[in-house]
Amino acid sequence: MMTPRLVWSAVLLLAGAAQAVEFAEIKPADSKLVFTSKQMGVPVDGGFGRLSGQIRFDPAVPSAASARLEIDLSSIDAGSPEATEEVVGKQWLNVKAFPTAGFQSTSVKALGGDRFEAVGQLTIKGQTRDLTAPFTFKQEGAAGVFDGVFVLKRLDFGIGEGTWSDVSTVANEIQIKFHVVAGAAQH
Amino acid sequence: MSFTTPYSAPAKFAHWLVAALILAAFPLGLYMHELPLSPEKLRLYSYHKWIGMTVLLLFMPRLLWRLVRPPPALLPGPAWQLKLAEATHWLLYLLMAAVPLCGWLMSSAKGFQVVYLGLLPLPDLVGKDQALGTLLADLHSSLAWALMVLIVVHAAAALKHHLIDRDATLRRILPFVKLPSGETRP
C-alpha cells in the first residue's frame, strides 16, 4: 500500500531521472571542510565545523551554476587544542576581526563525466584571491554532493605572520578538501 | 675471560652514542614542553622525536649484539652490588626502549604522526585520542624520569668503581683505553 507521500516521492524520482534537478540550499550538518597542513614534514589534519551557503547547480547546465559558501572560522579544529587556540589569533586567522571566510564563484565549467571546475574568489582575513577548484558531482537521493580538493597557499592570505611566515616549519601549502551536500531546489 | 677484558668496540660505540642521545633528549624534552607554540617549538619537538626514534632504532641491534658477544663478566664485588648492577642494566635496557616507544604512542594518540628525520613517515601505533594522549604523556614523562634516576645510579656506581675501588670497571667501557691483560688493580 503506497502512501500519498511515497507516490509523490516516486514521481519526484522519475522526474529527476527525466530532467536534471537543480540543487540549492547547503545542508550544514552533512557538509564539511577539512584541511591538511604540514609541520616539519608531518601532515596534520584539521577542519571547520560550520559551513553554510547557497548553490545553484544543474549538472545539465553547469555554465549557469553559481555558489556562495561561507565558513565560520571560529569553528576551526587545527588538530590539537594548543594549535586550535593559536590559529584563531591575530597572526593566523585573526577571527575576532575576520570571523568568516567566503567563496563566491564566477564561473563553472564541465570537465567531462562527473567532473567540473569552479572558478571564483576566495576571501580570508580581508584578502581576496582568485581560486580554481575542480570538483566531482554526485546525486545521492534528493541531495547533490560536491567533492573537491585544492591547495591554498597560506601566505597569500597572510595566514601565519611574523615568525610563522617561515615555511620550513609550517609549509605554505595547505590541502583543502570540501564535501558539500545541497538539497534539491524547491520550484 | 680476564676481569679486565674490555667491551667490544661496537658495544662501546653504541653505549656512548645512546648515552649522548638520551642526555640530549631529556633536557630538550623538559625545555620544549614549556615553550609557547612557535616554529621553534615545532622544530624542537621534531628533533626530540628523531633522537628518541634513533635510540629505539639502536635498541634491537644492541640487544642482539649483547647476545652474540656477551659483555665481559662483572669484576668481583659484594653479591648485593653484583645483583644491583645486573638489575640496573636490564632496567636501563627496558627503559631505553619503553621511553621512546611511549613517546611514539603518545605522538600518535595526539594526532601527530612521527616522520623520522622529516623524511620517513612512521606508522601511527594508535588512533587519535586526546585522553589517551594525555595519559601516555604522563607515562612518557614518568618513565623518562625513572630512566634519569637509573642513569645517575649507573654513573655513580661507575665513578665509585673508578675512584674508590680503583678497578677497571669504568675504563673497560671507555673508548681509546688500552687495558694491560691480567690487570685487576691499577
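This is a predicted model: local features need pLDDT of at least 70, side-chain atom pairs count only at pLDDT 80 or more; totals for chains, interfaces and linings use all residues.
1. Confidence in chain A. Chain A has an average pLDDT of 89, and 88% of the residues score at least 70. Where does chain A have its lowest and highest confidence? The lowest is in helix α1 (residues 4-18) of chain A, with a mean of 52, while the highest is in strand β8 (residues 115-124) of chain A, at 97. Over residues 14-18 of chain A the pLDDT stays under 50, and for that stretch the model has one contact beyond four places in sequence.

2. The nonpolar cores. Take a look at what is packed inside. The largest nonpolar core has 34 residues, and Ile55(A), Ile71(A) and Val180(A) are the ones with the most contacts inside it.

3. Val180(A) and its contacts. Which residues does Val180(A) touch, leaving out those up to four places away in sequence? They are Ile26(A), Ser31(A), Ile55(A) and Phe146(A). Notice Ile55(A) there: along with Val180(A), Ile55(A) is listed with the residues that have the most contacts inside the largest core.

4. How β1(A) pairs up. β1(A) runs antiparallel to β4(A), and two bridges join them. In this pairing Glu25(A) stands opposite Gln54(A) in β4(A). β1(A) is also joined to β11(A) by two bridges, and these strands run antiparallel too. Here Ile26(A) stands opposite Ala182(A) in β11(A).

5. Asp147(A). Find this residue in strand β10 (residues 143-153) of chain A. Not counting residues up to four places away in sequence, Asp147(A) touches Phe135(A), Thr136(A) and His179(A).

6. Two positive phi angles in chain A. Asn94(A) has a phi near 45°, a positive value in a residue other than glycine. You will find Asn94(A) in the loop between α2 and β7 (100-112) of chain A. It is partly exposed because 19 other C-beta atoms lie within 10 Å, and a buried residue would need 20 or more. The other case is Lys125(A), a residue other than glycine whose phi is positive, near 55°. Lys125(A) is in the loop between β8 and β9 (127-140) of chain A, and with 18 other C-beta atoms within 10 Å it is partly exposed.

7. Chain B as a whole. Chain B has four helices and two strands, and along the sequence they follow the pattern α-α-α-β-β-α. Its C-alpha trace spans about 55 × 30 × 25 Å along the principal axes. How many of the 186 residues in chain B are buried, as a percentage? Buried residues make up 20%. Among contacts in chain B between residues at least 6 apart in sequence, 65% join residues at least 24 apart.

8. Helix α3 of chain B. This helix (residues 79-109) has 31 residues and reaches 44 Å from its first C-alpha to its last, close to the 45 Å expected at 1.5 Å a residue. Its buried residues include Leu95(B), Met96(B), Val99(B) and Trp104(B). What covers the buried residues of α3(B) includes α1 (9-34), α2 (39-68) and α4 (130-165) of chain B. After the helix comes Gly111(B), with a positive phi near 90°.

9. Where the chains meet. The contact takes 16 residues from chain A and 13 residues from chain B. On the side of chain A that touches chain B, β3 (42-48) and α2 (81-87) of chain A each supply at least two residues. By class, that side of chain A has seven nonpolar, six polar and three charged residues.

Definitions and conventions. Residues are numbered from 1 along each chain as its sequence is written. Chains are lettered from A and ligands numbered from 1 in the order in which they are written. Two residues are in contact if their C-beta atoms, placed from the backbone, lie within 7 Å. The expected span of a helix is 1.5 Å times one less than its number of residues. A residue is buried if 20 or more other C-beta atoms lie within 10 Å of its own, exposed if 12 or fewer, and partly exposed in between; C-beta atoms are placed from the backbone. Ala, Val, Leu, Ile, Met, Phe, Trp, Tyr, Cys and Pro count as nonpolar, Asp, Glu, Lys and Arg as charged, and the others, Gly among them, as polar. pLDDT is the predictor's confidence in each residue, from 0 to 100. A nonpolar core is a set of buried Ala, Val, Leu, Ile, Met, Phe, Trp, Tyr and Cys residues joined through C-beta atoms within 7 Å. Two strands pair if DSSP finds at least two bridges between them.
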